Amino acid sequence: MKKYFILTFGCQMNESDSQRIGALFESVGLKESSIIEDADLIVVNMCSVRQTAVDRILGLANKFEELRKTKKRLKTILTGCVLEPDKDKFIKIFDFLLNKDDMEIWPQMLAGESFAVKKRDYLKIIPKQSSSFQAFVPISNGCDNFCTYCAVPYTRGKLASRKHIDILKEVKMMAKAGYKEISLLGENVNSYVSPLDQKIDFAELIKLIDEIPENFWLRFTSPHPKDFPDKLIDILAKSKKFAPYLNLPAQSGDDAVLKKMNRPYTAKKYIELIKKIKAAFKKNRSGLEKEIAISTDIIVGFPSETEKQFENTCKLFKAVNFDMAFIAQYSPRPQSHSYKNMKDDVSKADKRRRHKKLTDLLKEIGEKKNAIYLNKAIPVLIFEKYKGYYLGRNRQNKAVKVFSKKDGLVGNIINARVARVLPLSLEAEYL
Ligand code: SF4
């Protein structure tokens with residue numbers, strides 16, 4: 001039996017697409033290989049948005065050359081969110097550059113058949129989930145926001161929401177199969193509107209998912225602050241499924257920088273929004289569920305960002321008290337507006353220093369915030385086992401190290417008592 005191997009360099013959306021590629025190949029009789037050397041078909045699913053992904057693919061050229069010496073019939077495919085300039089670079093390395101939207105006809109394309117150009121829906125393919133307890137369900141694809149630093153609208157195209165009935169079917173299937181955590185995915189997840197019924201927006205979709213009888217933790221990524229009406233806050237706060245953790249990308253705490261990024265909100269509006277969200281959870285939930293954890297995405301060193309503008313981002317950190325932040329040092333992505341029209345003029349040293357300052361601030365805030373968990377019993381979804389301890393996440397998505405000699409906890413939601421709090425994680429004893 002022929003074997004396939006998939007390498008994914010990208011975001012959760014790419015990971016989710018890879019699960020559909022796996023399902024597709026298995027449906028035509030291929031078997032997954034655990035090592036690249038054994039594969040007859042290698043798929044690289046990448047995202048041009050990340051420079052690290054681009055670099056790693058360039059590094060694969062030698063590996064493919066070496067493999068081709070012993071596997072004369074090896075086929076290599078590149079897919080994902082690939083920018084045109086990157087396609088030109090990679091065309092020499094791969095046998096095929098395939099559009100993920102045409103995924104359902106890949107087997108025939110690889111066999112040399114030709115097809116008329118038409119719109120296809122690869123999300124109809126039921127994915128081969130790589131975990132038995134954690135599932136990702138894409139609800140939309142693409143983005144219309146054109147943040148100036150971002151290449152997603154050029155790689156994934158315009159926003160296209162899936163039919164709500166297809167999403168519900170998939171979530172129900174995962175819930176019935178016993179998945180403990182289900183994450184809804186979309187580049188701008190909360191701008192969702194069902195193509196079958198305009199009244200079913202993101203808030204209504206959450207409400208429908210909430211009616212599914214099985215128990216699971218619901219999460220989503222990535223929302224945009226501009227699409228966060230009071231109705232959505234209310235539904236999330238009252239939801240039985242939604243775990244109290246929200247990643248809400250701010251990108252900067254300075255209004256002029258936000259404007260240059262084409263992010264249509266101010267720091268003040270962002271802070272007000274977070275206050276409303278926190279207040280709604282305090283009002284509608286009990287115990288630790290009242291404490292919604294907030295994380296954010298930040299870019300430091302955006303073109304012409306001054307020291308004063310960066311300080312405004314530090315102020316935002318203090319005003320919001322973020323539980324976590326994913327901080328990126330600006331790097332221009334080909335095809336984006338900032339790449340074409342703005343000078344990358346903040347020095348690497350300044351970007352590094354700003355990155356470190358925010359990280360230090362985050363740790364300082366984190367240690368104080370995590371104190372609320374000390375000596376409390378919390379539910380933890382266990383992901384991995386190490387020698388003498390497990391790693392998992394709690395409802396607020398905090399990383400938790402759980403000490404236990406017991407076997408078989410991976411994939412279960414267990415109770416643990418927090419014995420120590422660290423700036424960005426917790427340590428707990430299995431109960
Ligand atoms: Fe990119 Fe902005 Fe769309 Fe997010 S919202 S995918 S950052 S353009």
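## Basis of the description

Because the model is predicted, local features need pLDDT of at least 70 and side-chain atom pairs count only at pLDDT 80 or more, while totals for chains, interfaces and linings use all residues. Residues are numbered from 1 along each chain as its sequence is written.

## Overall fold

The secondary structure comprises 14 helices and 18 strands, where helices (H or I, at least four residues) and strands (E, at least two) are DSSP runs, numbered from the N terminus. The radius of gyration is 22 Å, close to the 22 Å of the globule rule for 431 residues, so the protein is as compact as a globular protein of that length; the radius is taken over C-alpha atoms, and the rule is 2.2 Å times the number of residues to the power 0.38. Along the principal axes, the C-alpha atoms fill a box of roughly 60 × 55 × 50 Å.

Of the 431 residues, 41% count as buried, that is, with 20 or more other C-beta atoms within 10 Å of their own, the C-beta atoms being placed from the backbone. Among contacts (C-beta atoms, placed from the backbone, within 7 Å) with a separation of 6 or more, 73% are between residues 24 or more positions apart.

## Strand β4 and its partners

Strand β4 (residues 75-81) is mostly covered, with 5 of its 7 residues buried. Strand β3 (residues 41-47) pairs with β4 in the parallel sense over 7 bridges, pairing being assigned if DSSP finds at least two bridges between two strands; here Ile 42 stands opposite Thr 76.

Strand β5 (residues 96-97) also pairs with β4 in the parallel sense, over 2 bridges, and Phe 96 in β5 is the bridge partner of Ile 77. The chain passes from β4 through helix α4 (residues 84-90) to β5 in a right-handed β-α-β crossover, meaning that, with the strands pointing away from the viewer, the path from the first strand over the helix to the second runs clockwise.

## Ligand shell

The residues around the ligand include Cys 143, Cys 147, Cys 150, Glu 187 and His 224, each having its C-beta atom, placed from the backbone, within 6 Å of the ligand. The shell divides into 6 nonpolar, 3 polar and 1 charged.

## Asn 141

Asn 141 is found in strand β7 (residues 140-141) and counts as buried because it has 22 C-beta neighbours inside 10 Å. Leaving aside neighbours within four places in sequence, Asn 141 is in contact with Arg 156 and Ala 160, whereas the C-alpha atoms of Asn 141 and Lys 75 are separated by 28 Å.

How values were computed: Buried ≥ 20, exposed ≤ 12 C-beta atoms within 10 Å, placed from the backbone. Contact = placed C-beta atoms within 7 Å. Nonpolar A, V, L, I, M, F, W, Y, C, P; charged D, E, K, R; others polar.
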